[in-house]
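Subject: Structure handover

Hello,

Here is the structure you will be working with. Please open it next to this email and follow along; my notes come after it.

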Amino acid sequence: MSEPKPPTPTPGDTYKGWLFKWTNYIKGYQRRWFVLSNGLLSYYRTQAEMGHTCRGTINLATANIAVEDSCNFVISNGGAQTYHLKANSEVERQRWITALELAKAKAVRMQAESDDSGDDCPAVPPTSGQGGGCRNSEVQSTLRTLNSKVEDLTTCNDLIVKHGSALQRSLSELEGIRVGGDMGEKIRQVTERATLFRITSNAMINACRDFLSLAQNHSKRWQKALHGERDQRIRLEETLEQLAKQHNHLERAFRGATVLPSSFSNPALGNKGGVSGKGDASDEDDDNEFFDAMEDPAEFITVPADPKYHRRSGSNVSGFSSETGMDDQSVNFDELSLASNPESPHPLELEPVRQRRTRIPDKPNYYLNLWSIMKNCIGKELSKIPMPVNFNEPLSMLQRLSEDLEYYELLDKAAKCQSSLEQMCYVAAFTVSSYSTTVHRTGKPFNPLLGETFELDRLSECGYRSLCEQVSHHPPAAAHHAISEKGWTLRQEITLASKFRGKYLSIMPLGSIQCLFDKSDNHYSWKKVTTTVHNIIVGKLWIDQSGEIDVVNHKTGDRCHLKFAPYSYFSRDVPRKVTGVVTDKDGKAHYVLSGTWDEKMEFSRIMQSSKGENGTEGKQRTVYQTLKAKEIWTKNPLPEGAENMYFFSSLALTLNEPEEGVAPTDSRRRPDQRLMEDGRWDEANAEKQRLEEKQRITRREREREAVKAASSPEEAVTEDSINDSPLKTDAVETGIEANEVSDESAHQDNYQAMWFEKIDDPVSGETLHVYKGGYWEAKEQGSWDACPDIF
């Protein structure tokens, strides 16, 4: 580290350097980068943070600077902020003290001048250029003249005090002497001192007259200059307002001209024109700007890229942003071209869009002694805990899985990407977006019954439809399949493993999620992170997501490593932080993603990478030079009054809305869930127990059929032996729900899912349930005879 030069008290100067700042008794002094500028002392963790993350700032105008020893000093502004700092040497400490004192004096003087100017006359910065320099020199000369006059007045005041005191003494002595020879001498002394006092007083009066005259003359000039600056500011404001109105008018005219362009007969040409009309100008500005990304102390940091990369590879760099702009512009064209395409499953006939509900009944406020239920459940599987509906929300786990599609537009945009690396960014953002609905959702969803289904048909509104089915109850597993007209398919099979630890509840989703794109044949897969519910017993419930996700493209070998940082009270990072790096099959990094899983995600293109300084744990971090970050996903705002509706999103409010024509096993038809939504919780608890008992009876029926089908007598098991088995007894005593019976007989049910079948995926090498077809055909025909009676 090079020693900083001694500061010079020139206007607008800055002073920078490393100092050690006291943090706490655990970490002690930590090395920080300090910047002194314009009367403000700011500090950062590293120099790379100067562009985006200031860790603290103190105003020297009201601060007190104290020296403790040869290297230590303290800066405090009266208790609100106190910095205990330490320099490397006494010389460096003295340089900082000198710079701080000069900056403080300058800040105090500027603040006093600002206060004198009044609230209605804010300080106007000096104009740049030659005129500004001349004005600044004139002001400095006037201030020096006024200062000299003030010094003259001070000197005259001291002399008046001195000679006035001497004259007073002489008068006192004159009163006490006798009339005689000393009288003439005393009178002469009094006369001399009175003359000196008169001369000094005249000088004082003249100096005051000169100072007043000079101040009045310059006050008129400054007042005139102030009025001129104020008039200029008003003219600038009026000009800006006029320009804003013209810009708004041009923007509306442009949008009106591009709704149905004359080249609509050629959709490809229309899309191209739309991109060049909007995307090029804005993207050029965006690419010329660079940024400092958020720092991850554990793995990597990002710094602004050299502008030469934009000049050297401008077309490649702006490709992603141009495509992003094209997505927004070309939506109408895609929809219209889809309607006019004779091969499209939907003709040009326009169907009225169904109005979905926007409210559900408010959540009742029922009291429940949580500890009386939880104290006997510590260390057990969540599926083995008998939960009343008071802990639930009026949605099933199948409906919660369908909520992953709330930000389906990310997959629509991914399907249009030409580059697999760009497509990976959208898929990764979609992965993170699925957690945004959980930030306030502390209620437990209903555990689906075996064979329960849920359909989400948004084909006419959003271009996709999905189907979920509970395919197993040991372990509880749900299969999900969604397909879109935009050329993507999403399928997943999720099994939940959970543990109650007394203070918190950990939920570990097992299973895989896969996304397939028709046009590129790219096949992505990833898994979910751990969800933790804190303050189960005491305090306000809150949810955190933590862990790591690897999104893998099995066709190209591309990979995105996402890290969900767990919340820590001692961490300075933003809560719910997510970072990620997109790499190709050779491990070369191309994009950096950063953001939070409950708010938004941004991505930025990597232009160069290198090994940087060691982190706090001794690991060498990678430094990525990146372009300006662009927003790729933002969370939709919650509907009004969501806090009284279980914090449901707009999509979640519609999931349990009754619909005609759905299967009899659909979650919308589940009676206990419907009663809970209507606020009838006591009836919902009774109905829940009835469904659990019905599920147990159904399971025993399957076991008897399996016994009858057994060919060997030794394998036969009677109903009494099943009912009297220790496994059955444990299930009854622990209150396992009907769909969550966890004994080995569940493996012998040979239950076959209605709409899904288990396969070995040759691409990912995983075993999972995939949609085998037939559901939507059965819905069109209204043929649900094969569906089991589970409700």
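Buried means under 20% relative accessible area, exposed means over 50%, and partly exposed is in between (1.4 Å probe, protein chains only). Helices (H or I, at least four residues) and strands (E, at least two) are DSSP runs, numbered from the N terminus.

This is a predicted model, in which local features need pLDDT of at least 70 and side-chain atom pairs count only at pLDDT 80 or more, while totals for chains, interfaces and linings use all residues. Residues are numbered from 1 along each chain as its sequence is written, and side-chain values use heavy atoms, with hydrogens and water left out.

Strand β3

Strand β3 covers residues 40–44, and four of its five residues are buried, so the rest of the structure largely encloses it. Two strands pair if DSSP finds at least two bridges between them. Strand β2 (residues 28–37) runs antiparallel to β3 and is joined to it by five bridges; in this pairing W33 stands opposite Y44. β2 and β3 make a hairpin with two residues between them, and N38 in the turn has a positive phi of about 55 degrees. β3 also pairs with strand β4 (residues 56–59), again in the antiparallel sense, over four bridges.

Salt bridges

Side chains of opposite charge can pair when their charged atoms come close. A salt bridge here is a side-chain nitrogen of Lys or Arg within 4 Å of a carboxyl oxygen of Asp or Glu. The whole structure has 34 of them.

- D761 and R491 form a salt bridge at 3.7 Å, N to O. D761 is in the loop between β25 (756–760) and β26 (767–771) and R491 is in strand β14 (residues 488–500), so the pair ties together parts 270 residues apart in sequence. D761 counts as buried at 5% relative accessibility, and R491 counts as buried at 14%.
- R576 and D598 form a salt bridge, with their closest N and O atoms 3.3 Å apart. R576 lies in the loop between β19 (559–564) and β20 (577–583), and D598 in the loop between β21 (589–596) and β22 (600–614). R576 is partly exposed at 26%, whereas D598 is buried at 13%.
- K600 and E631 meet at 3.9 Å, N to O. K600 is in strand β22 and E631 in strand β24 (residues 630–634), so parts 31 residues apart in sequence are tied together.

Salt bridges with shared partners also join R356, E461, E659, D666 and R668 into one network.

Regards
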